Amino acid sequence: MTRVFYRHQALLSGLISFAVILLVWQLVVDLGFVKAFFLSTPTRMATEFMRQLKTGEIAANLSISLYEFAVGLGLAIAAGGVCGVLASWSRTLEAIFEPFVWFTYSSPTIAFYPMFIAWLGLGAPTIIAIAFLFAVTPIYANTLSGIKNVDQDLTRAALSFGARKTDLFIKIALPGSVPILVAGLRLAVGRALTGVVAAELFGATAGLGFAIAYYGQKLKTTEMMVNLVLIVICGVICTQILSLLEAATDKWRTGPGR
Amino acid sequence: MAQIEIRDVSVDYKRPNSEETFTAVDGINLSIEKGSFVTIVGSSGCGKSTLLLALAGLIPYAKGAITVDGKTVTAPGPDRAMVFQDASLLPWRSVHGNVRFGLELRRWRRDDLDQRVTRFVHMVGLGSFADYHPHQLSGGMRQRVNIARALAVDPDVLLMDEPFGALDAQTREVMGDELLRIWERDKKTAIFVTHAIDEAIFLGDRVVVMGKNPGHIREIVEIDLPRPRTSAMLDSPAFIAYRQKLRDYIAADMASLQMVKDVA
Ligand SMILES: Nc1ncnc2c1ncn2[C@@H]1O[C@H](COP(=O)(O)OP(=O)(O)OP(=O)(O)O)[C@@H](O)[C@H]1O
Ligand SMILES: [Mg+2]
């Protein structure tokens, strides 16, 4: 019993603290310390969640948000990855991409939202474009630095065995930069999700962010918070998937195996 | 003509942060017969690694000519394999995978690829560690993987840069015996850099003593000890005489360095 406890201690402690927070939350509202209007309660939200589930609201909002997220992130991975690899081969290309990196890293991209609406209209394409812009930079920057900072000793060893350029790329540069690529992916996932939600908040016709803005304007706290929690859950699931990916690509560090 | 001919070779490096060059080795002349074992000694920084890298075709030489079997060396080739001084194993590949790496790069097309890898992993005594990754091995085990990787591609010439540098004296001896056994069986040409004078004498048909500023060949000592070499020879009068001779050469190089410093 104690062994089981220690093995799952982190998970258990997390669950306990989570349960305590829910309980305190429920109690401060039910006992009248805070008005339900400001905070809602777990039970209210559960009931509201079931309602939105039945009306199909959740399915509709969730699917559109996930669709925008997936397309934005997918495009960012493709474009950022390809540009990163190309830039690692050509200094000229790297110099050409450089200002764009500064720009997206240092400016609040979301401020360009009205222009995107002007170009792409109100709806999914605009939101995908924002998510893409949010996510593409870390993918590009990490791909570039991962491949550029390839271990010179390993390269030399490979060359001594007659490695060609493609060998160096596939057998040294790529596997050598897996950790930094995954780190880039992690950043990109977070930023793409933020991009989708922020863009939907500003103006959209569907999606979780839209639902938050919609219910928020109507001062319907419980309805709004259900969607907020859904976004948090999406974020947690994404992070967990990435952790699994990280563990899978990092297996060689922890145990024997080819 | 000998298998390897090094004629008046010098190697220049770029100095960091400047356009000037720096001559690391100069005026190197050396002929190496097929199947012979040549060891190179010399103080740190005298250009031993540089000479080996030039032989491997990994760095260009500014002057002179290097030929292997009559062909001028301009790039790495299947006739040569190198064991590097510093760690050069892929951390994400197992022992098996690292030995396989060399064969993959050499485009080994035969079906026996993995069997061959296994054979060489066993040969260096790492049979039960085939699935370990470099960070799970000791320094000496890593060097054995390096050696297995180089041997597996079946080169005519084996270039080894302080392959036993990280080992304790006992393991060094065992590995040296092992290396000689493999070398005597396959009759490869071996060029072996070391700091250890005893090791140089024990392994070599000839010991090349290098000096500094710029790196050059100071002396070549023929080692006239019978083969197979045994550890009993280490205490023989002949061995002791070679040891003394080589010590003197290296000390003379150090002394000349001291003079350079005094002048400057
Ligand atoms: N890539 C490089 N760029 C510039 N100079 C270099 C480079 N590699 C080596 N050198 C210089 O060349 C000289 C010879 O170096 P080398 O590595 O060949 O010495 P070594 O005899 O192998 O020494 P050690 O026994 O310490 O390994 C040194 O002065 C070193 O600073
Ligand atoms: Mg060296």
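Trainee: At roughly what angle do the axes of helix α5 (residues 57–89) and helix α11 (residues 178–202) of chain A cross?

Mentor: They cross at roughly 135 degrees and come within 9 Å, where the axes are lines fitted to C-alpha atoms over the stretch in contact and angles between N-to-C directions run from 0 to 180 degrees. Helices here are DSSP runs of H or I with at least four residues, and strands are E runs of at least two, numbered from the N terminus. This is a predicted model, in which local features need pLDDT of at least 70 and side-chain atom pairs count only at pLDDT 80 or more, while totals for chains, interfaces and linings use all residues. Residues are numbered from 1 along each chain as its sequence is written, chains are lettered from A and ligands numbered from 1 in the order in which they are written, and side-chain values use heavy atoms, with hydrogens and water left out.

Trainee: OK, and which residues of α5(A) and α11(A) make the contact?

Mentor: From α5(A) come A:S65, A:E68, A:F69, A:L73 and A:I77, and they meet A:L185, A:A188, A:V189, A:A192, A:L193, A:V196 and A:E200 of α11(A), with contact meaning heavy atoms within 4.5 Å.

Trainee: Switching to chain B, how many residues of α2(B) are buried?

Mentor: Ten of its eleven residues are buried, so α2(B) is largely enclosed by the rest of the structure; buried means under 20% relative accessible area, exposed over 50%, and partly exposed in between, using a 1.4 Å probe and protein chains only.

Trainee: What covers those buried residues?

Mentor: The cover includes α9 (152–160) and α10 (165–176) of chain A, together with α3 and α4 (139–152) of chain B. The axes of α2 (residues 95–105) and α3 (residues 113–123) of chain B come within 9 Å and cross at roughly 120 degrees. Just after α2(B), B:R107 takes a positive phi of about 55 degrees.

Trainee: And which residues coordinate the magnesium ion?

Mentor: The magnesium ion, ligand 2, is coordinated by B:S49 through OG and B:Q85 through OE1, at 1.9 to 2.2 Å. B:S49 lies in helix α1 (residues 48–56) of chain B and B:Q85 in the loop between β6 (80–83) and α2 of chain B, so the pair ties together parts that are 36 residues apart in sequence.

Note on methods. Donors = N, O, S within 2.8 Å, 3.2 Å for Na, K, Ca; no water.
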